[in-house]
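How do the helices of this chain pack, and what lies in its interior? The report below takes these topics in turn.

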Amino acid sequence: MKRLHPDLTWPAPYSWVADDDWPRADGISGLTPRYEGGELLGLDNDRVEIRVTTEPCGAFRLRVTPSDPSTQPYRVDDRVLAPERASSAPMATETADAVEFRHSTSKLRLTYPDLSITLDDEQGTALTLTRLAIDDTAAPTRFRMDFLRGADGPILGLGGRIAFPDRSGSTADMFATKGYHQRGDYGGLPIPAFLELGGSGVILLNPHPHVYFDLGYSDPRAWSVESPGGPIDLVVLARPTPTEWTRLLHELTGRPPLPRPQWLGTWFSWAGYSSSDEYRDWMLRFEAEHIPMDVCALDLHWRGGRIFEEDEGGEGINLGWDPEKFGSHADLLATLADQQIDTVLHVNTKMYSGALADQGRRDGLILDATEDQWIVDLENPVAADWAWDEYRPRIEEGAAAWWIDNSERVEGVLTSGIPARNFYSSLWNRFLTRRTTELTGEPVLTLTRGGWLGDQTAALPWSGDTTAGVSRVKEDLNFILNLAMTGFPFASVDLGGFKEQSTSGLGVIDTDENVIRRIAHGFLFIPVPRLHSGVLTEPKLPWRYEGRARDLLIEFIRLRHRLAPTYLSGAIDAVERGIPLVRPLLFDFPDITATHSIFDEMLVARSLLIAPITDEGWGEREVFLPPGSWYDYWSGRRHEGGRAHLVDAPLYERAGLPVFVREGGILASRAMSRPREGFTELTLSIYRRAEDLLSTDERDPEPMVFTTPRGSRLTLTADWDRDELTLQTTGDETWRFAFDFPVASGAPRLRTADGQLVEHQLVIPPGDRRPIKIEWAAPA
């Protein structure tokens, strides 16, 4: 088999065992049923053991390990799988030539003495193993498994990568890497989990570097996985819908926490040389010009020391403030706290130096990760406590969370025997998130460029140092959608790119087109929008830009702020229902074949469809609207779904970003306010007319849910058969509502259950429930 890395700029070729060079690669034979304590577990022989258990959501776990456990030096399932998940022994039976395991509506069948494996459900076979090859001539044992595809739909997932979301017909190397000018398949979160739409969902519990997937590149009818080390430990689910797939990921490895409401708003950071006084002045100007700002993230220079741009190193300060540039950091933190802006601090793999580094090396608390990188041995509780003693004072001073850099490029082997390259990021993410949450009592995620399976519980990934240009919008979208399809509903990018294009010279990052298309518009379709740029570019401060570009950037930042309750409700759906905040069309419409190839449009929260411009010079684009009716957000014009529409997208107008709202959709907005305020005073914009006929298939039966920073909760249920809204609150806060009907003919009237007319505002006290009847005006 020819090995292909999708990124042609990758510097080193693969050195894989060719198909005909696999030692003892013939079919696995001589297998017999394996029992323990009278319980049927699977099959084994003198070379291999195959065990089957069940996992949540109807999934099976299939563990293939050498019969000699000494040849498999590590396992990660106890670190990754949620301890509270529902797993058990399946219903197992033995026949003359097979063992069968049943779980929910699925059946996993393993034949013996010659091995074959099939996964079936009520619709037929979803997965078929055609070969298991083992190279046990050296340690660690290498595995390869070949499967027939269960469907010909797209293959989605595989973590935080910038490759095109449909991976069918391609390959994927599970190797964390940072890229600057690369195009193709780079990223710091290589997660071996994918959904074959219409076929099976597959999760591999093995973080070994260079686990390699062929996803139909060699044979469109098949896919295969090779592991150069570590176990073949698969979780498989027959024919999951996209929602069932993300729910499995969350049930299996843990739900993401609901971020603080302001974390879904505007972030600002800059990699250039700056000071606490400059940051304080910038934050004060954001407030003075009424430009919302929610999170200020300080890049590596806050720590001071001697900084090397090439390798992001630092000397002498460790996790202390630079006394020269950030000597007035107390004033900065006080200003940020007064403005309700959270502070996030940058750390990396080259921050330990001086006496602290000498102590860490001497006492075995830090490990050599090559290239002058030293990482804390987080598998050692003593080392973890030693490290936290340096982090904790910054949180006690008022910092909210951490920003990890470089973790995706460490090398070496951890003390447990796990290779560090793909897995150390996960240990670091979880360590900082857990310790910070325990200290503050607040929900926290760690901004990071690296991570692994299950890190949606701890990490807020960002794509790394992408380059400027409207054509690179596609990479931003790819990164967000790939993560969404791997269970990560919250992610970020450097809006507009981190640095200039190497081929285009300087100046691209500040062009009107890049500022409008990639920065301003990104505030509506990036889950966590961040203004960030590199040391060789200017900070992305809105007042730096001129004319219409500046106006539109500020307008979109303010719009994201006003729509914060809508995005927060979408985040609650992500956490409680497994529906990503930003997702591809096929997530909600998997049965509509046209959506299977569309990844430059996305659904946002419950009701929005956004179709950004993804190349320079475009002033219009084709937008496919799924079945149902959709309203243009800017004009209110109604469009029938189920087909594509050509829409104008003029650069210097708001409508340059095509945005649509589902019929029956409700958008919640607040007035301009401080980051943690305004969540109990909402305007509910209802996109429905008297003459609209919402079909049952177009309805989401689940109520919308809203929360506040103080923990109060609102559920909003729409019953369009009865033209009725029901609002119910919990908590100790009073809620106030205004109602808006942007597309209705005439002004509808609203009445409470006792017949009182809602004139201007509806007030609902804590713990109350209010049905509201809508009386539509006659259509014009």
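The model is predicted.

**Helix pairs**

Two packed helices are described by the angle between their axes and the distance between the axes. The table gives both values for each pair.

| Pair | Residues | Crossing angle | Axis distance |
|---|---|---|---|
| Helix 3 and helix 4 | 276–288 and 329–338 | about 20° | 8 Å |
| Helix 6 and helix 7 | 381–397 and 420–440 | roughly 50° | within 11 Å |

An angle under 35 degrees counts as roughly parallel. Helix 3 and helix 4 are therefore roughly parallel to each other. Their crossing is left-handed. Helix 3 contributes Ser276, Tyr279, Arg280, Met283 and Leu284 to the contact, and helix 4 brings His329, Asp331, Leu332, Thr335 and Leu336. Five of the contact residues of helix 3 with helix 4 are nonpolar, three polar and two charged.

Helix 6 and helix 7 are oblique to each other. Their crossing is right-handed. From helix 6, the contact takes in Ala384, Asp385, Ala387, Trp388, Tyr391, Arg392, Ile395 and Glu396. From helix 7 come Trp428, Phe431, Leu432, Arg435, Thr436, Leu439 and Thr440. Nine residues of the contact of helix 6 with helix 7 are nonpolar, two polar and four charged.

**Nonpolar cores**

The largest nonpolar core has 149 residues. Those touching the most other members are Ile203, Tyr352, Tyr391, Trp402, Tyr424 and Trp428. Tyr391 and Trp428 also take part in the contact between helix 6 and helix 7. Beyond its neighbours within four places in sequence, Tyr424 contacts Ile375, Val376, Leu378, Val410 and Leu414. Another core, of 42 residues, lies apart from the largest one; among its members are Ile50, Leu108, Ile155 and Val236.

**An enclosed helix**

Helix 9 spans residues 512–520, and eight of its nine residues are buried, so helix 9 is largely enclosed by the rest of the structure. The buried residues are Glu513, Asn514, Val515, Ile516, Arg517, Arg518, Ile519 and Ala520. Their cover includes helix 8 (473–484), helix 10 (522–525), strand 27 (528–531) and helix 11 (547–562).

Asp476 belongs to helix 8. Is Asp476 buried or exposed? Buried means under 20% relative accessible area. Asp476 has a relative accessible area of 3%, so Asp476 is buried. Leaving aside neighbours within four places in sequence, Asp476 touches Thr466, Val493, Arg518 and Ile526. Asp476 and Ile526 are 50 residues apart in sequence, yet their C-alpha atoms are 8.3 Å apart in space.

Key:
Residues numbered from 1 in each chain as written. Predicted model: local features only at pLDDT ≥ 70, side-chain atom pairs only at ≥ 80, totals over all residues. Heavy atoms only, no water. Axes fitted to C-alpha atoms, helices over the stretch in contact; angles between N-to-C directions. Helix = DSSP H or I, 4+ residues; strand = E, 2+ residues; numbered from the N terminus. Parallel < 35°, antiparallel > 145°, perpendicular 65-115°, else oblique. Left-handed = near helix turned anticlockwise from the far one by under 90°. Contact = heavy atoms within 4.5 Å. Nonpolar A, V, L, I, M, F, W, Y, C, P; charged D, E, K, R; others polar. Core = buried A, V, L, I, M, F, W, Y, C linked by side-chain atoms within 4.5 Å. Buried < 20%, exposed > 50% of the residue type's maximum accessible area, 1.4 Å probe, protein only.
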